[in-house]
Amino acid sequence: LIMIVLVAGAHGRLGSRVVALLLRRGHLVRALVRTHAQVAVLRDPGAETVVADLSGDVEWTAEGCNAAVFTAAARHRSDLGSIDAGGAAKLAEAADRYEFTRFVLASVIGADRPERREGAVHEFLAAKNYAERRLARLELPWTILRFGQLTDHPGNGRIDTVVRAGAPLTTSRDVAALAITDALARPHLARQIVNVVDGEREVADALDAIEPLPLPRPGPPPRG
């Protein structure tokens, strides 16, 4: 199934990998970038590009798409609230209004417990936590992928979805991009949070092994 995917953070080291994979698989991509200087870089591979500030109005960027990926990240600590937190929430709400069939949020391991850390790390985790909580309120079929520390180490296409005590919490950007692209194509991951760290299983196999959420119990029959 061909999707029209809006990718926020498309010029970044993770987002650009996602764009390349999506195009390679035949999907249409609308790449959301910060500046006009970044447009030419992404126009060549075949992606449609739009320039928008995630701290401002972004709802218009979602029109005509049916799926989205959020990989954007603040360049400065002072922008965490407007980009990683608020920007992600606004894009998700726009996707919900346009009834997207999939939305994948790139998050981080530890986002569920930001209070365990201090300083800049706490602020980073708190921003991701805010985005996750806002996303979880929506009816949108979202998936949250929590990555370890992202690295530029060449990926081998293998991950673990269970974080084991003492294991390195790293995720190759190559592998993270593959996990995002594969997650988009797996509706059974809707409304699930998945840890993704460098590991031993092929990405597709690891994601396929995750059980879908149980269907909600039917309500009581209407009274006649």
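## Contacts and overall dimensions

Of the contacts in the protein with a separation of 6 or more, 66% are between residues 24 or more positions apart. The model is predicted. Buried residues account for 46% of the 224 residues.

The protein contains six helices and eleven strands. Its radius of gyration is 17 Å, close to the 17 Å that the globule rule gives for 224 residues, so the protein is as compact as a globular protein of that length. Taken along the principal axes, the box filled by the C-alpha atoms is roughly 60 × 50 × 35 Å.

## Surface and charge

Among the side chains, 28 are positive and 27 are negative. The centres of these two sets lie 2 Å apart.

## The open sheet

Nine strands make up an open sheet with mixed pairing. Their order is β3-β2-β1-β4-β5-β6-β10-β8-β11. At the edges are β3 (48–51) and β11 (201–202), each of which pairs on one side only.

Strand β4 (residues 67–70) runs parallel to strand β5 (residues 102–108), and four bridges join them. One of the residues involved is A68, whose bridge partner in β5 is F103.

## Pairing around β10

Strand β10 (192–198) stands between β6 and β8 in the sheet order. Strand β6 (residues 142–147) is joined to β10 by five bridges, and the two run parallel. On this side, R146 has N195 of β10 as its bridge partner.

Strand β8 (residues 158–160) runs antiparallel to β10, with two bridges between them. Here the bridge partner of D160 is V197 in β10. In a regular strand, side chains alternate between the two faces of the sheet.

L189 is located in the loop between α5 (173–184) and β10 (192–198). Is L189 buried or exposed? Its relative accessibility is 0%, so L189 counts as buried, the cut-off being under 20%.

Beyond its neighbours within four places in sequence, L189 is in contact with R102, W142, T143, A183, L207 and I210. Of these contact residues, R102 belongs to β5 (residues 102–108), while W142 and T143 belong to β6 (residues 142–147).

P45 is 144 residues from L189 along the chain, and the C-alpha atoms of the two are separated by 29 Å.

How values were computed
Residues numbered from 1 in each chain as written. Predicted model: local features only at pLDDT ≥ 70, side-chain atom pairs only at ≥ 80, totals over all residues. Heavy atoms only, no water. Rg over C-alpha atoms; globule rule 2.2 N^0.38 Å. Buried < 20%, exposed > 50% of the residue type's maximum accessible area, 1.4 Å probe, protein only. Contact = heavy atoms within 4.5 Å. Lys, Arg positive; Asp, Glu negative; His and termini not counted. Charge placed at Lys NZ, Arg CZ, Asp CG, Glu CD. Pairing = 2+ DSSP bridges.
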